[in-house]
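I opened this model to take notes on its fold and a few local details. My entries follow in the order I looked things up.

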Amino acid sequence: MSPRKAAALRGGDRTLREHLIATAERMIAERGTAGLTVRAIAQEAGVAGGVLYNHFADKEELIALALRARATAIESALEPLPAPGTGTVEDNLRAYVAHGLALHARLVPALTGLIATPEVLARFAGMSDPDRDWRRRLRGYLEGERGLGRIAAGARVDAVTSMIVGACHEPVLSALFQGRGIAEPSARYSVDDLVMAVLAGIGRGDPGGSGPA
């Protein structure tokens, strides 16, 4: 192992590949992805630029893996999502909306720096774990509640899912398009407002959420 590589990894058990992914993920968290270069990542990691190509097919693979690590870190820091049939539908929807707003506020700004590099976004999407995907879990939750009779039997789950996902995207994208940077934006509506609008459309059970109206 070279002195530079030894210095980069001293004090830890990570492989060089893991070290490079962790370094890129930290840079994305601090600066976003716009203008992120191999040279900058290598310099931050304390290795020669060419070393990256010994461990990754290309720059796109490294950035996609770093994005996936970033997404996992963000998701792990959020509150766990409730399962169908637990608590009340109102409280559970509030948890899903709050989770979605926080997730998008922290992750979407990093992704927007890659609009000109769709290959990275495609690779990132391909690395997603279906069991951790918030949109998929939201849809599954709504389907579960519909099956339990805690929301209307005719509730249009796909449409409701799209509405909630869009509402979570909107404040983040609006802030970015208006040049307000990557600071966490504020929605023009509250979580409660959105939940009440959803419940008005899909029907709700008794005040405790335990059965159909």
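I count a contact when heavy atoms lie within 4.5 Å. I also keep in mind that this is a predicted model.

**Entry: His 99.** I asked which residues His 99 touches, not counting residues up to four places away in sequence. I found Leu 78, Glu 79, Leu 81 and Trp 134. His 99 sits in helix 5, residues 89-112. Next I checked its cover. Buried means under 20% relative accessible area. His 99 comes out at 10% relative accessibility, so I log it as buried.

**Entry: helix 5.** I then looked at the helix that carries His 99. Helix 5 is mostly covered, with 17 of its 24 residues buried. From its first C-alpha to its last I get 33 Å, close to the 34 Å expected at 1.5 Å a residue. I also looked for a bend. There is a kink of about 30° at Ala 105, shortly before the proline Pro 109.

**Entry: whole chain.** I stepped back to the overall fold. The protein has nine helices and zero strands. Read along the sequence, the pattern is α-α-α-α-α-α-α-α-α. Of the 213 residues, 41% are buried. I looked at contacts with a separation of 6 or more, and residues 24 or more positions apart account for 68% of them. The protein exposes about 11,000 Å². Carbon and sulfur atoms supply 54% of that area.

**Entry: helix 9.** Helix 9 covers residues 191-202, and its 12 residues should span 16 Å at 1.5 Å a residue; the end C-alpha atoms are 17 Å apart, which agrees. Its buried residues are Leu 194, Val 195, Val 198, Leu 199 and Ile 202. Seen down the axis of helix 9, these fall within an arc of 130°, so they line one face. The spacing rule is worth noting here. An α-helix has 3.6 residues a turn, so residues three or four places apart point the same way. On the face turned away from the buried side of helix 9, I found the exposed residues Ala 200 and Gly 201. Just after helix 9, Gly 203 takes a positive phi of about 80°.

**Entry: annotation.** I checked the record last. UniProt, in an unreviewed entry, places the feature "DNA-binding region" at residues 37-56. In the model that span is 40% helix and 0% strand. Its end C-alpha atoms lie 14 Å apart.

How values were computed: Residues are numbered from 1 along each chain as its sequence is written. This is a predicted model: local features need pLDDT of at least 70, side-chain atom pairs count only at pLDDT 80 or more; totals for chains, interfaces and linings use all residues. Side-chain values use heavy atoms; hydrogens and water are left out. Helices (H or I, at least four residues) and strands (E, at least two) are DSSP runs, numbered from the N terminus. The expected span of a helix is 1.5 Å times one less than its number of residues. Buried means under 20% relative accessible area, exposed over 50%, partly exposed in between (1.4 Å probe, protein chains only). The arc is that of the directions from the helix axis to the C-beta atoms. UniProt positions are given in the numbering used here, feature names are shortened, and annotations may be inferred rather than shown by experiment. Accessible areas come from the Shrake-Rupley method with a 1.4 Å probe; for residues, only the protein chains shown count as cover. The bend at a residue is the angle between axes fitted to the seven residues ending there and the seven starting there.
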